[in-house]
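Here is a short briefing for a reader new to this structure. Please look over the sequence and the model before reading on.

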Amino acid sequence: MDKAAIIGVGMTAVEANKATDTFADMAWEAVNKALEDAGMTLNDIDNIVTTSNDFWDGRTISCMAVSDASGARSKNVSCVEGDGAFGAFYGLTRVLSGSYGTTLVTAHSKGSESISSLITNAAFDPIYDRALGMDIITACALQANAYMSRTGTTAEQLARVSVKNHGNACQNPLAQLPMTLTVNDVLDSEMIADPLHKLDCSPVSDACCAVIIANEERAAGCREAPVWIKGAAFCSDAFFLGDRDLSRAPALTQAAKKAFDMAGIERPADDIDVVELYDAFTYQELMWLEAMGFCEDAQAGKKLENGEFDRNGTLPVNPSGGLLSGHPVIAAGLIRMAEIVKQLRGDAGACQIAGARRGVAHGANGLCGQSHCVWVLEK
Amino acid sequence: MNEPFAGVEPMVYQSRISVPYSWWAGDTAGKFFVALRDEKKIMGTSCRSCNRVFVPPRKTCPTCFSENTDWVEVAPEGTLQSFTIARRQLAALPKPAPVIFGLIKLDGADTALLHYLDEVTPEAVHIGMRVRARFAEERNGTIGDIACFSPV
């Protein structure tokens, strides 16, 4: 792969309810932060990818409604529906095509303005199973039970993910839910859908993130040291939940293997310094870590209990607080990437993992992690 | 919020998107629903090259993309692959919580069907339990023609 880098990142705070900002206001804030970060103006941006979802935004062709605010007027703008990590992948391929030196990628959503249960119910097949009334929480609860049953992972281990990530968020000024919790706080919180308690679930959130990707030539002139994209891959599984073994994530295993092969990484647990992954629910952090090969199958819960994924552990995972501390759908995966960029530059403030040189960011799209996008970034 | 707006309610524009849709079930789902409605039979399609039976049926194998031309009847009885009990009255639930959802692999099928479990207490549900379809008294060619699955 030709060299490409992330040269600018910008994100709004993740909040429960951005009553003062419209979609466009959020995008404009994130875009200007990313431009300032890169030491660029809109004149330096060759093309733009916006990432959004019409159902979450409650409008048709939602991506075009934020194109002005994303600086796309008089420019080539294209749109991705799904998680921002996938929007960034498309932005990367546009740079690698040779047609564009820089791509600005934005991703936004405001969960506060609609009803998650109804929006995510509409992701189910309208003919075969939507009428049953499942949503993202009940679907992921099915997956959590399947994963826990197969691996022996315990409710206490899941709760420990929540304790860790909410605790990490206390160091992140952009996080929505910094909290000091105990395992019992999680286990005593409302059972929403067995085995998922309220504190096993990520909150509803509003935010936007923007990232600037550049080829080698254009990266040379940016303000901060470029963070190089060493590997990027995505892979999808079957759509219907019943077609998959929900207790496993083979699409993530494949995506991670491709990304690691590109980056020349043979032992991810040893070769990666920090991970930001898509922890929409507690069990997902453990399941995704195993699927990416950061530990043996069924061992993530034990390693978590040993503190290995803590900020001062052998492999810090979600030092920003992750999605459990703020989950703006669509923006979520792009924020994971921006957090890794900050870590590798040494710009992560109180969340900083000392000496982080190489990191992994992960985005997911679809019910129960139907598709996964894995990025290996290096200073 | 900025200080000058303290105590002032933010303005909200209330709206509702209400767009009628008519989804054609298509030949494959159509045949599945007619068999449920008229014969209380659960039908799947079979992929000859993968040797897998899909329930609910698909016209094209999602693994090898060959056409699934063979129809097979599967048993109304199967094994619970996973489950959850929705305790909170989530907005998408069409009936009062608690609602038990399950993924059921019917005998003769290689994929699992999403549906309700009923006539069982939440405490008694477990992965691997054997369950059987209970058909609705009045059937109209929808997934609701199976009322639920319950323990054998």
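This is a predicted model. In it, Phe281(A) is buried, at a relative accessible area of 5%. Tyr283(A) is buried too, at 0%.

**Aromatic rings**

- A search of the whole structure gives 12 aromatic pairs over all chains.
- One of the pairs joins Tyr128(A) and Phe32(B), with 5.6 Å from centre to centre and 85 degrees between the planes. This pair is edge-to-face.
- The pair crosses between chains. Tyr128(A) lies in the loop between α5 (116–121) and α6 (136–151) of chain A. Phe32(B) belongs to helix α1 (residues 26–39) of chain B.
- Tyr128(A) has a relative accessible area of 7%, so this residue counts as buried. Phe32(B) is buried as well, with a value of 0%.
- Phe281(A) and Tyr283(A) form another pair, with ring centres 6.4 Å apart. Their planes stand at 20 degrees, so the pair is stacked.
- Ring pairs also build a cluster. Its members are Tyr128(A), Phe239(A), Phe240(A), Phe32(B) and Phe33(B).

**Charges over rings**

- In chain A, the charged end of Lys3(A) sits over the ring of Trp228(A). The distance to the ring centre is 4.2 Å.
- In chain B, the charged end of Lys95(B) sits over the ring of Tyr116(B). Here the distance to the ring centre is 3.7 Å.

**Helix contacts in chain A**

- Helix α7 (residues 155–169) packs with helix α12 (residues 282–291) at an angle of about 100 degrees. Their axes are 7 Å apart.
- α7(A) is therefore roughly perpendicular to α12(A).
- On the α7(A) side, the contact is made by Gln157(A), Leu158(A), Val161(A), Ser162(A), Lys164(A) and Asn165(A). On the α12(A) side, Thr282(A), Tyr283(A), Glu285(A) and Leu286(A) take part.
- By class, the residues of this contact of α7(A) with α12(A) are 4 nonpolar, 4 polar and 2 charged.
- Helix α4 (residues 84–96) and helix α14 (residues 331–345) have axes that come within 5 Å. These axes cross at roughly 70 degrees.
- α4(A) and α14(A) are therefore roughly perpendicular to each other.
- Gly84(A), Ala85(A) and Ala88(A) of α4(A) meet Gly333(A), Leu334(A) and Met337(A) of α14(A).
- The contact of α4(A) with α14(A) has 4 nonpolar and 2 polar residues, and no charged ones.

**Backbone details**

- The peptide bond from Val55(B) to Pro56(B) is cis, with omega near 5 degrees. Pro56(B) is in the loop between β2 (52–54) and β3 (70–74) of chain B.
- Ala97(B) and Pro98(B) are joined by a cis peptide bond, with omega about 0 degrees. Pro98(B) lies in the loop between β4 (77–86) and β5 (99–106) of chain B.
- Asn318(A) is not a glycine, yet its phi is positive, at about 55 degrees. Asn318(A) is in the loop between α13 (300–305) and α14 of chain A. With a relative accessibility of 0%, Asn318(A) counts as buried.
- Lys40(B) is not a glycine either, and has a positive phi of about 50 degrees. Lys40(B) is in the loop between α1 and β1 (42–47) of chain B. Its relative accessible area is 44%, so Lys40(B) is partly exposed.

Note on methods: Residues numbered from 1 in each chain as written. Chains lettered and ligands numbered in written order. Predicted model: local features only at pLDDT ≥ 70, side-chain atom pairs only at ≥ 80, totals over all residues. Heavy atoms only, no water. Axes fitted to C-alpha atoms, helices over the stretch in contact; angles between N-to-C directions. Helix = DSSP H or I, 4+ residues; strand = E, 2+ residues; numbered from the N terminus. Parallel < 35°, antiparallel > 145°, perpendicular 65-115°, else oblique. Contact = heavy atoms within 4.5 Å. Nonpolar A, V, L, I, M, F, W, Y, C, P; charged D, E, K, R; others polar. Phe/Tyr/Trp six-rings, centres within 6.5 Å; stacked < 30°, edge-to-face > 60°. Buried < 20%, exposed > 50% of the residue type's maximum accessible area, 1.4 Å probe, protein only. Lys NZ or Arg CZ within 6 Å of the ring centre and 35° of its normal.
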